[in-house]
Structure formats: structure tokens, C-alpha cells
Amino acid sequence: SLIELYPDNDSLFVSLADLYKSTEQYKKAISYYSIVLNNQNLDGDQQWRLLYMRGICYERLNNWKSAEEDFLKSLDINPESSQVLNYLAYSWIERNIFLNKSLKMLKKAFEKNPESYYILDSLAWAHFKKNNLQIASKLMEEVIIRAPGEAISLDHLGDIYFALGRKREALYM
């Protein structure tokens with residue numbers, strides 16, 4: 001109703017897109033993010049964030065080509081965004097592509113946001129994928145200290161321990 005009353009208010013479209021994203025209605029979210037992104041009056045700060053959010057929606061819908069395109073455009077605008085660096089690099093790592101570039105991106109993201117256990121998890125996982133197992137285990141153990149109940153990180157640490165031959169600890173994780 002508010003959009004009908006104020007069709008030029010981009011923040012209403014973004015709020016609706018964010019709502020759809022948070023309720024996993026990604027196609028609807030993409031359409032509203034796209035409406036705002038087509039607005040020529042966006043500043044760079046708004047544009048990189050919206051590309052990042054829309055990229056997440058594309059990724060969740062398994063449209064990697066569009067997701068990657070949005071993440072790269074976002075980084076063109078704001079190459080310092082630890083969130084985008086992390087999301088894109090981790091996505092590449094999960095696809096076993098661009099491992100060296102991803103590792104550099106994650107180091108940069110961690111420098112920008114050293115308190116984020118999500119980024120630290122991604123950095124540890126990049127080291128795991130590159131078979132730097134000792135570094136990976138130390139970093140992932142730090143993640144578990146920071147976020148002891150984080151299921152994905154516990155699973156990652158189990159995989160790292162298994163690769164190190166620490167089978168009992170791996171099973172525990």
C-alpha cells in the first residue's frame with residue numbers, strides 16, 4: 001500500500017525486498033532489488049549493497065552466473081567490503097575454483113573485520129581446500145572458541161581433523 005502511495009520511494013522497495021529475502025522468497029526479492037537497481041540516482045554505497053543482497057538471492061536459487069556477476073559488480077564499486085569478499089570467496093572455494101584468489105580475498109576481508117567468525121571460518125576453509133591443514137585447524141579452532149555452537153564450523157573442524165588423521169576428534173566434531 002505504501003509503494004502505491006509513494007512509488008518513487010526506493011527505501012520502500014528495498015524494505016520489501018529485504019522482507020522477501022528474509023522469508024526465503026528470493027524471486028520476489030530479486031524483482032524488488034532490481035527495480036531499485038534500475039534507478040539511475042543510486043549512490044555507490046546503495047548500489048554495492050543492493051547488488052550484494054540480490055547476489056545472495058540468486059545464489060540461493062542456484063543461479064550462480066547471475067550471483068557471481070552481482071558480487072563482482074558490487075566489488076567493483078566497493079572493493080573493501082568484507083561481506084562481499086567473504087561471500088564470493090567462500091562460494092568460489094565451495095566450487096573448488098579460484099582458490100588462490102579466494103584466499104587473498106579472505107585475508108583482506110579478515111583484516112577489515114577481524115571479529116567476524118564467519119570470515120575466519122571461510123579463511124580456515126580456504127586453507128583446508130589448499131591442503132594447509134595445520135593453519136586450517138588453528139584458525140577453525142579459534143572459530144569454535146568464538147562461536148562454540150556454530151554447526152557448520154564444527155563440521156568443518158571435523159573435516160579438517162579427519163584430513164589430519166585425528167579420526168576420534170573428527171567424529172566428535
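As the model is predicted, local features need pLDDT of at least 70 and side-chain atom pairs count only at pLDDT 80 or more, while totals for chains, interfaces and linings use all residues. Residues are numbered from 1 along each chain as its sequence is written, and side-chain values use heavy atoms, with hydrogens and water left out.

Helices here are DSSP runs (H or I, at least four residues), numbered from the N terminus. Helix 5 covers residues 64–77, 14 residues in all, and spans 20 Å from its first C-alpha to its last. That is close to the 20 Å expected at 1.5 Å a residue, where the expected span is 1.5 Å times one less than the number of residues. Its buried residues (under 20% relative accessible area, with exposed meaning over 50% and partly exposed in between; 1.4 Å probe, protein chains only) are Trp-64, Ala-67, Glu-68, Asp-70, Phe-71, Ser-74 and Leu-75. Seen down the axis, these buried residues fall within an arc of 160°, so they line one face of helix 5; the arc is that of the directions from the helix axis to the C-beta atoms. An α-helix has 3.6 residues a turn, so residues three or four places apart point the same way. On the face turned away from the buried side of helix 5 sit the exposed residues Lys-65 and Asp-76. The buried residues, for their part, pack against helix 4 (44–60), helix 6 (82–94) and helix 7 (99–112), contact being heavy atoms within 4.5 Å.

Helix 4 also has helix 3 (residues 26–37) as a partner: the two pack at an angle of about 155°, with axes 9 Å apart. Axes are lines fitted to C-alpha atoms over the stretch in contact, and angles run from 0 to 180 degrees between N-to-C directions. That makes helix 3 roughly antiparallel to helix 4, a label for angles over 145 degrees. Among the residues making the contact are Tyr-26, Ile-30 and Tyr-33 of helix 3 and Leu-50, Arg-54 and Tyr-58 of helix 4.

Further along, Ser-153 lies in helix 10 (residues 151–163) and is buried, with a relative accessible area of 2%. Neighbours within four places in sequence aside, Ser-153 touches Asp-121, Met-140, Val-143 and Ile-144.

Glu-24, in the loop between helix 2 (10–22) and helix 3, has a phi near 60°, a positive value in a residue other than glycine. Glu-24 is exposed, at 60% relative accessibility. Asn-131 is found in the loop between helix 8 (117–129) and helix 9 (133–146), and its phi is positive too, near 70°. Asn-131 is exposed, with a relative accessible area of 56%.

Terms used: Parallel < 35°, antiparallel > 145°, perpendicular 65-115°, else oblique.
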